[in-house]
Amino acid sequence: MSIFVDTPFATEIEADDHRGLLTVAQGWKVPYYRTVPLTGNKYVVHAIIGIHGNLRRPDQTFTGLFDAARAAHATRKVAIVTPFFQTHNDEPAEDEARWTSAAWKEGGEAEGPYGLSSFAVMDGIFRSLADKEKFPRLRSIALVGHSAGGQFTQRYAAAGEAPTELSGVRIRYVVANPSSYLYLSNLRPDLGDPTATAFDVPDSSCAEYDNYKYGLRNLDTHYLRKVGAREMRARYLSRKVTYLLGSADVERDSELDTEPAAELQGAHRFDRGLRYTNYLRTYFPSAPHQRLIVPGVAHENAAMFGSRQARSVLFA
């Protein structure tokens with residue numbers, strides 16, 4: 001397999017050559033796939049950071065985003081970067097960071113090196129791309145994720161530290177078909193309302209429904225506690241977020257989050273997305289967020305990012 005990147009800075013790249021290593025902390029490394037390395041490039045004007053799903057296939061995320069860029073005739077000056085948040089099941093090298101399957105997608109702390117948040121890794125990627133000595137022409141960054149990657153992207157949009165530091169770079173977040181959402185208050189959907197527009201404090205035996213990662217209570221890592229719930233809410237409501245919802249993503253498959261706190265958000269991914277975006281429109285109408293529905297698409301990464309709706313935000 002090979003990919004031709006139509007840019008002044010790349011030729012034909014073999015699949016194995018897509019992979020690089022990012023040093024993150026104390027000599028530990030995180031693998032990543034890229035069209036250009038994070039050491040820099042003078043031609044790049046836009047970057048897309050893609051986050052893989054629960055099955056952890058960053059190579060597929062990378063090629064899917066590249067195919068979308070090629071279809072949009074947008075490969076000339078776009079950098080695509082997809083980090084690999086490994087678990088023990090991925091058999092990482094001794095010096096490669098690893099998380100549990102649950103931890104990486106919510107900014108949790110690594111098992112090795114102990115305490116490293118996956119959000120801190122993302123901070124490092126943002127800072128590298130925004131470094132004018134490395135990428136002097138870069139003007140915008142899009143963080144995008146589908147499914148579990150969408151969970152990561154949505155939570156990072158609330159907590160991420162690096163975007164608060166960067167100037168001269170436009171940042172947007174694209175959240176596609178996640179299993180659950182971070183709510184900003186103790187309200188949840190009235191699941192008996194078919195219009196998906198009613199919300200209330202749930203009368204539920206699920207006492208922990210408003211704990212992180214579903215709400216802003218009991219922030220459980222050093223990274224999150226340092227930011228704090230009030231600042232997370234403020235950051236999220238100030239950042240540009242697009243929700244991509246596949247209208248056919250209605251199956252309750254084995255990857256759907258069925259924890260009680262997730263079930264309070266809706267029956268399936270499309271339902272949860274509709275109710276969450278209606279919640280934002282009702283209580284936070286001035287937030288710079290938008291919802292785009294991709295008709296007829298189910299829980300399919302490539303189809304979502306290859307859609308006209310996705311291209312309009314990824315390569316605008």
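Author: The second largest pocket holds about 200 Å³ of space, a pocket being an open set of points on a 1 Å grid over the protein atoms alone, where a 1.4 Å probe fits and protein lies on both sides within 12 Å along at least five of seven lines. The volume is the space filled by probe spheres set on those points, which are joined across faces, edges and corners. This is a predicted model, in which local features need pLDDT of at least 70 and side-chain atom pairs count only at 80 or more, while totals for linings use all residues. Residues are numbered from 1 along each chain, and side-chain values use heavy atoms, without hydrogens or water.

Lining residues, those with an atom within 4 Å of a point, are here His 46, Ser 140, Ile 141, Ala 142, Arg 170, Ile 171, Arg 172, Lys 240, Val 313, Leu 314 and Ala 316. At least two of the lining residues come from each of β7 (140-146), β8 (170-176) and α10 (308-314), where helices are DSSP runs (H or I) of at least four residues and strands (E) of at least two.

As a point of reference, the largest pocket holds about 270 Å³, and among its 14 lining residues Gly 53, Asn 54, Leu 55, His 146 and Asn 301 are the closest to its centre. Its lining divides into two nonpolar, nine polar and three charged residues.

Terms used:
Ala, Val, Leu, Ile, Met, Phe, Trp, Tyr, Cys and Pro count as nonpolar, Asp, Glu, Lys and Arg as charged, and the others, Gly among them, as polar.
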